[in-house]
Amino acid sequence: MLWRGRRQSDNIEDERSDSGGGLGGGLGGDGQFRIPIGGRTGGGGSILLVILVVLAGWYFGFDPSQILGGGDGGLLPGGGGQITETQDSGNAPANDEMKQFVATVLAETEDTWTGIFKSQGLTYEDPKLVLFSGQVRSACGFASAAAGPFYCPGDHKVYLDMTFFQQLDQQFGASGEFARAYVVAHEVGHHVQNLTGIMSKFNQMRQGMSEADANQLSVRIELQADCFAGVWAHYTAQKGILEQGDIESALNAAKQIGDDTLQKRMQGYVVPESFNHGTSQQRQTWLARGYKSGKLSDCNTMTGPI
Ligand SMILES: [Zn+2]
């Protein structure tokens with residue numbers, strides 16, 4: 001990715017020198033789900049609105065709300081102890097190259113999503129991206145880097161310990177800059193879901209579900225975040241800043257962090273009922289679908305086969 005020299009986002013909060021301090025903790029209430037779609041919501045043809053209407057109908061009748069307790073579940077199947085180790089990057093330089101890369105990718109997502117929202121008559125609100133080292137406190141509670149990057153809908157922030165990138169490369173076999181860009185874009189995809197109300201509907205639906213059903217629903221929300229990452233990649237490609245092999249490296253990352261591939265690697269067998277992010281094939285398929293068309297309407301993972 002030809003990212004050097006491009007705009008870097010100033011929405012980075014570098015907390016790598018802290019140890020899980022900072023933000024006041026505690027679980028957020030439902031009031032923290034903001035849907036700053038304000039302004040003009042007319043235009044019945046809006047793709048976002050169509051998606052919302054579809055989802056609202058589909059989700060109807062469930063109680064809020066679980067996700068505030070645990071973020072979006074991160075990029076990876078969390079909690080299973082499947083990722084057990086990250087290096088301490090507490091001494092990373094304050095403005096190292098990887099930080100600049102992340103800030104540039106974040107800026108690119110800001111530009112792309114601002115444009116997409118605007119085209120729908122909506123206003124995009126930039127998320128913050130918190131760089132942390134080892135552990136962090138968010139509005140979604142305390143989190144360890146072992147769970148991988150995540151998005152917290154309660155405070156509209158993406159949380160990233162960049163040592164995950166090394167893990168992605170060395171442990172999961174997903175190398176390349178654009179594999180890393182995909183990680184950021186996936187989390188920003190959850191932010192888009194939060195802004196558009198998809199995530200709160202998801203949380204409402206999840207209430208009262210069996211674990212297996214909740215996992216299946218989680219797969220759908222995760223695959224949509226992959227698709228949104230693909231939409232971002234589509235517009236990024238149009239800017240002419242992708243290099244040969246970039247998309248392939250993102251697709252490979254999607255493959256390497258598929259539930260089936262991860263489980264095979266970590267435990268030697270797969271437990272499909274426990275899948276909550278999607279198989280390698282599903283993750284690649286939805287990332288590629290978003291990338292090909294750049295259309296949000298092609299990212300409806302909520303209904304139909306996935
Ligand atoms: Zn995710």
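Predicted model: local features only at pLDDT ≥ 70, side-chain atom pairs only at ≥ 80, totals over all residues.
Strands β2 (residues 128-131) and β6 (residues 157-160) run parallel and are joined by four bridges. In one of these strands, β6, Lys157 is the bridge partner of Lys128.

The loop between β5 and β6 contains His156. This residue is not a glycine, yet its phi is positive, at about 60°. His156 has a relative accessibility of 8% and therefore counts as buried, the cut-off being under 20%.

Two further helices pack against each other. The axes of α5 (residues 198-206) and α6 (residues 211-238) come within 10 Å. They cross at roughly 170°. Helix α5 is therefore roughly antiparallel to α6, since angles over 145 degrees fall in that class. From α5, the contact involves Ile198, Phe202, Met205 and Arg206. From α6, Ala214, Leu217, Ser218, Ile221 and Gln224 take part. By class, six of the contact residues are nonpolar, two are polar and one is charged.

Aromatic rings also pair in the model. A pair of aromatic rings is described by the distance of the centres and the angle of the planes. The structure holds six aromatic pairs. One of them is formed by Trp113 and Phe228, with ring centres 5.5 Å apart. Their planes stand at 65°, so the pair is edge-to-face. This pair links distant parts of the chain. Trp113 belongs to helix α2 and Phe228 to helix α6, 115 residues apart. Trp113 is buried, at a relative accessible area of 1%. Phe228 is buried too, with a relative accessible area of 1%.

Phe117 and Tyr124 form another pair, with ring centres 5.2 Å apart. Here the planes stand at 70°, so this pair is also edge-to-face. Phe117 counts as buried at 0% relative accessibility. Tyr124 counts as buried at 8%. Trp113, Phe117, Tyr124 and Phe228 together form one aromatic cluster.

Technical notes:
Residues numbered from 1 in each chain as written. Heavy atoms only, no water. Pairing = 2+ DSSP bridges. Helix = DSSP H or I, 4+ residues; strand = E, 2+ residues; numbered from the N terminus. Axes fitted to C-alpha atoms, helices over the stretch in contact; angles between N-to-C directions. Parallel < 35°, antiparallel > 145°, perpendicular 65-115°, else oblique. Contact = heavy atoms within 4.5 Å. Nonpolar A, V, L, I, M, F, W, Y, C, P; charged D, E, K, R; others polar. Buried < 20%, exposed > 50% of the residue type's maximum accessible area, 1.4 Å probe, protein only. Phe/Tyr/Trp six-rings, centres within 6.5 Å; stacked < 30°, edge-to-face > 60°.
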